[in-house]
Amino acid sequence: MAGCCAVLRGFLFEYDTPRIVLIRSRKVGLMNRAVQLLILAYVIGWVFVWEKGYQEMDSVVSSVTTKAKGVTVTNSSKLGFRIWDVADYVIPAQEENSIFIMTNIIATMNQTQGLCPEFPDESTVCQSDANCSAGSAGTHSNGVATGRCVPFNRTVKTCEVAAWCPVEEDEQVPNPAFLSAAENFTLLVKNNIWYPKFNFSKRNILPNTSTSHLKSCIYDPVTDPFCPIFRLGKIVEYAGHSFRDMAVEGGIMGIQINWACNLDRAAALCLPKYSFRRLDTRDTDHNVSPGYNFRFAKYYKDSGGTEHRTLIKAYGIRFDIIVFGKAGKFDIIPTMINVGSGLALLGVATVLCDVIVLYCMKKKYYYREKKYKYVEDYEQGLAGEQEQ
């Protein structure tokens, strides 16, 4: 109880006032200047020079359009001789901030609705009708089971299904890729950006780019780093992968456009910087469901009015265009805030030196005696003298 009263008296009836003590010590003086120098280096070098703490910042607002070009020819037993152009391998024709280029294909021709044997697997192979359940339709089945066991070929029987017949056979993915020539196709990326806070806008087709140059240039990080036309094979190569390997089962590539603009300088110096990265997971130790693919169908009717379709399982590479960046411009408010913060940080040097001098050095008791002076209440001392 007595201890609590003493603490309470010390808190209520004592007052601390700063006292300046000049310590003539090379060790303490050098330590103080070193800490101040580190703080100044942080404030000037990091806050103002690197992070541009004197600027007001704004994030980019962006829009992207893409256009692919390229033609190739294939000649297969299933599809025959065929020319492939943009309308065939770009699916769908337009996407937001991305484009899909088909590089491989499994086509099932001339399907009609009817009854046919299911594709053989562990759940569809049968010996008799007793092995088939009528009306069942699994998540991976091609149709609804009829309950009959019918021959799939000369050696295997499978459960019959009501489906688009013949059913798709997608067990074996073509290797090399059916459209491996797509590595020579080109992709034009048109990107418009806007910094609303500064009302600044620009696009990646720079003002000094002529029509003739745009038709002939191909992006190269050394010789032509601002050309917005990219060769597909090179995009994958820049990301450290092989286009021919990626084309077999597909994947996702990211084309990153970084707009880091210092608007205190000329607008012509605000330029895009391109980088490339593969976005889909490709782990050789755990390669379950790799790549990127989807199915679509093309429908038509014959002269007798029977509906047919060609089912296509398309493998390919989706190119996602990712735009990011910040712009900065001088503003007095962030400048004053960071200057004030820097001056406040200089007080840390004094606090740190006080801690070392008063608690860590050999002569800490001597310095502590010089640092603090205890004074009794003047009025109480004066009253005591009068009583005497």
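This report describes a sheet, salt bridges and disulfides in a predicted model.

## The three-stranded sheet

Three strands form an open sheet in the order β1-β16-β12, and their pairing is mixed. The edges are taken by β1, residues 55–59, and β12, residues 261–262; each has a single partner strand, so one side of each is left without a neighbour in the sheet. In general, strands of a sheet pair through backbone hydrogen bonds, either parallel or antiparallel.

Strand β12 and strand β16, which covers residues 326–330, run parallel and are joined by two bridges. Within this pairing, Asn 262 stands opposite Gly 328 of β16.

## Salt bridges

Eight salt bridges are found in a search of the whole structure. One of them joins Glu 56 to Lys 197, with 3.6 Å between the closest N and O atoms. Because Glu 56 belongs to strand β1 and Lys 197 to the loop between β8 (186–195) and β9 (200–203), the pair ties together parts that are 141 residues apart in sequence. Glu 56 is partly exposed, with a relative accessibility of 29%. Lys 197 is partly exposed as well, at 46%.

A salt bridge is also formed by Arg 148 and Glu 160, whose closest N and O atoms are 3.3 Å apart. Arg 148 is in strand β6 (residues 143–151) and Glu 160 is in strand β7 (residues 157–165), so this pair ties together parts that are 12 residues apart in sequence. Arg 148 is partly exposed, with a relative accessible area of 44%, whereas Glu 160 is buried at 7%.

The side chains of Arg 278 and Asp 280 meet in a further salt bridge, with an N to O distance of 2.8 Å. Arg 278 is buried, at 12% relative accessibility, and Asp 280 is buried, at 13%.

## Disulfides

The structure contains five disulfides. With the bonded cysteines counted along the chain, their pattern is 1-6, 2-4, 3-5, 7-8, 9-10.

Cys 126 is buried, with a relative accessible area of 3%, and Cys 149 is buried at 13%.

## Two further disulfides

The sulfur atoms of Cys 217 and Cys 227 are 2.1 Å apart in another disulfide. The torsion about its S-S bond is about 75 degrees, so the disulfide of Cys 217 and Cys 227 is right-handed. Cys 217 and Cys 227 are 10 residues apart, and each is in the loop between α4 (211–216) and β10 (229–231). Cys 217 and Cys 227 are buried.

Cys 261 and Cys 270 also form a disulfide, with 1.8 Å between their sulfur atoms. Here the torsion about the S-S bond is about 45 degrees, so the link of Cys 261 and Cys 270 is right-handed. Cys 261 is buried, with a relative accessible area of 5%, and Cys 270 is buried at 2%.

Notes:
Residues are numbered from 1 along each chain as its sequence is written. This is a predicted model: local features need pLDDT of at least 70, side-chain atom pairs count only at pLDDT 80 or more; totals for chains, interfaces and linings use all residues. Side-chain values use heavy atoms; hydrogens and water are left out. Two strands pair if DSSP finds at least two bridges between them. Helices (H or I, at least four residues) and strands (E, at least two) are DSSP runs, numbered from the N terminus. A salt bridge is a side-chain nitrogen of Lys or Arg within 4 Å of a carboxyl oxygen of Asp or Glu. Buried means under 20% relative accessible area, exposed over 50%, partly exposed in between (1.4 Å probe, protein chains only). A disulfide is a pair of cysteine sulfur atoms within 2.5 Å.
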